[in-house]
Amino acid sequence: MTKEKERKMFVGVVWNCAAELKLLLTAILFLFSLITILQFMPSRFSLSSTSNLGTCVTAPSISTSTITTSNTVDSVSILISAVNNVTANIPPPPPPPPPLAKDEVLENGVVKRAFNPFGSAAYNFILMSAYRGGLDTFAVMGLASKPLHVYGKPSYTCEWIPNNNNNKSINVSGTKILPDWGYGRVYTVLVVNCTFPVPVGNSKNNTHGGKLLIHASTNGGGETKFNMTDTFVALTESEQDFTTFISTFSKPPKYDFLYCGSSLYGNLSPQRVREWLAFHVRFFGEKSHFVIHDAGGVHEGVMAVLKPWMEKGYVTLQDIRDQERFDGYYHNQFLIVNDCLHKYRFQAKWMFFFDVDEFIFVPKKSTIKSVVDSLSDYTQFTIEQMPMSNKLCLEEDRGKSYRKWGFEKLVYKDVKRGIRRDRKYAVQPRNVIATGVHMSQNTVGKTTHKTEGRIKYFHYHGTIAEHREPCRQLVNTTTITIDQTPYEVDTTMRDIAGTVKRFELKMIGSTLQRTRQ
């Protein structure tokens, strides 16, 4: 009985308000139809302003005497406001494309063919970073179109705009450096050095800092009809940034040794990374730091290995996976090491550049500090390679090799002569303008390659991404030749393995004892 009364009451209310409901529904239908039509109208027929729509719609509503219910009027007003908001957010249609050029016959009877360009093959410049290198100099790191630099003559202008509005901006031609030795692909690595004739950023009225702009001009490269110039802000320096730089620049370096790692990619072995890190933290000592660059190789297992050392302050991990969007050489490693060089240039006495399957070693009576002190007259020195087999192990390790570390059981050294082998290197970074993977060609000061007997590195090529047991052939002899490559036993690294294991246990405990291959 109660439900029947409620139904009759609802029908009565709807019947009494029938006129208002009809008008409201009609208004809604009309307005949404209008919105639909507006989306397809060309720009020359668009309304001059969204407020006109409100005027157009609200004028009839005022003169309509049939609307007597205040709630209905409020609903229409809300709806009109919504329509205005929608139309305000509709973007203007894109301009029509230029008409295609067509072939034409000239007066002399020659057929002039037409060419119509579309899109862009590569970016003019892809900025990664920019750093101050002194009171009057900056370094800008990025990628640029390789064909543009191989076949064109692009140029770069540096402009400094001070935060102090009383000072005028300064322009200077930038010096371009291509440090990747021609290895680039679609993109090549570019370092632009901006050196101004006077110090910049240090205003007399203590309004320090400013902005560094780069004007990148193609100079007709790729399209001789145009000289396209792209201008972008490479660096914004606040007063605090300038003060921090001066403090870092004037103080002794924070680290004695800093490792700048190349791009880590692929399915890396957590155990091999664990061994490498424990060895080199011990080797370089307390005043060392390691900058690791993740290009997709730091998966969950590797992260578990890095984490304890990150918490101890020895490791900084940088995610550089986004650079994979741009087709450069070998995960853009030349770009990455140049960024690392300039980012930490004033924080380290020496910077080392080598890979995570390579182990630096000095003779027992030496330390890494005594070696670099003996080479302090040089800006750069290179390091001799000791190539090791990635599968030969001693027969005595049969049945227990899985308990040994990689550099502990892989003891056979390649002794083939007459081969030029890659070297790795270290630099005093304050005297380096740009750098490479195997050495720098842009230094101020001397370079030496005569370091044999003082420092070397053991190279376990192919082991860093190997997840199975590396000992695939056990040998019971001190020398052996396989595939015309002679090997002989070298237990240098094997002898130090126990010391490295104890050091890891002392530093971070047993956290990594169950690390998998």
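**View 1. Elements around the largest pocket of the predicted model.** Strand E11 (255-264), helix H9 (333-343), strand E16 (380-387) and strand E23 (456-459) each contribute at least two residues to the lining of the largest pocket. Among these elements, E11 supplies the largest share of that lining, with 5 residues. The volume of the largest pocket is about 1,000 Å³. In total, 43 residues line the largest pocket, and those nearest its centre are Tyr330, Asp355, Asp357, His459 and His461. By class, the lining of the largest pocket comprises 20 nonpolar, 13 polar and 10 charged residues.

**View 2. The second largest pocket and the residues nearest its centre.** This pocket holds about 640 Å³ of space. Its lining consists of 21 residues, of which Ser120, Ala121, Gly221, Gly222 and Met228 lie nearest the centre. Helix H5 (residues 146-151) gives the most to the lining of the second largest pocket, namely 3 residues. The lining of the second largest pocket divides into 11 nonpolar, 8 polar and 2 charged residues.

**View 3. The largest cavity and its lining.** The largest cavity contains about 60 Å³ of space. Its lining is formed by Arg272, Glu275, Val356, Asp357, Phe359, Gly406, Phe407, Leu410, Tyr460, Thr463 and Ile464. Two or more of these lining residues come from each of H7 and helix H11 (406-409). The lining of the largest cavity has 6 nonpolar, 2 polar and 3 charged residues. Asp357 lines this cavity and is also one of the residues nearest the centre of the largest pocket.

**View 4. The second largest cavity and its lining.** The residues that line the second largest cavity are Ser262, Val337, Phe353, Phe354, Asp355, Lys424, Gly436 and Val437. By class, 4 of the lining residues are nonpolar, 2 polar and 2 charged. Asp355 belongs to the lining of the second largest cavity and is also among the residues nearest the centre of the largest pocket.

**View 5. The crossing of helices H7 and H12.** The axes of helix H7 (residues 270-284) and helix H12 (residues 492-508) approach within 9 Å and cross at roughly 85 degrees. An angle of 65 to 115 degrees counts as roughly perpendicular, and H7 and H12 are therefore roughly perpendicular to each other. On the H7 side, the contact involves Arg274, Ala278, Phe279, Val281 and Arg282; these residues meet Met493, Ile496, Thr499, Val500, Phe503 and Glu504 of H12. The residues of this contact divide into 7 nonpolar, 1 polar and 3 charged. H7 also gives two or more residues to the lining of the largest cavity.

**View 6. The disulfide between cysteine 158 and cysteine 194.** This bond has an S to S distance of 2.0 Å, and the structure holds 3 disulfides. The torsion about the S-S bond of cysteine 158 and cysteine 194 is about -70 degrees, so this disulfide is left-handed. Cysteine 158 belongs to strand E5 (residues 155-162) and cysteine 194 to strand E8 (residues 187-195); the pair therefore ties together parts that are 36 residues apart in sequence.

Definitions and conventions
Residues numbered from 1 in each chain as written. Predicted model: local features only at pLDDT ≥ 70, side-chain atom pairs only at ≥ 80, totals over all residues. Heavy atoms only, no water. Axes fitted to C-alpha atoms, helices over the stretch in contact; angles between N-to-C directions. Helix = DSSP H or I, 4+ residues; strand = E, 2+ residues; numbered from the N terminus. Parallel < 35°, antiparallel > 145°, perpendicular 65-115°, else oblique. Contact = heavy atoms within 4.5 Å. Nonpolar A, V, L, I, M, F, W, Y, C, P; charged D, E, K, R; others polar. 1 Å grid on protein atoms, 1.4 Å probe; cavity = no way out; pocket = protein on both sides within 12 Å on 5 of 7 lines; lining within 4 Å. Points joined across faces, edges and corners; volume = space filled by probe spheres on them. Disulfide = S-S within 2.5 Å.
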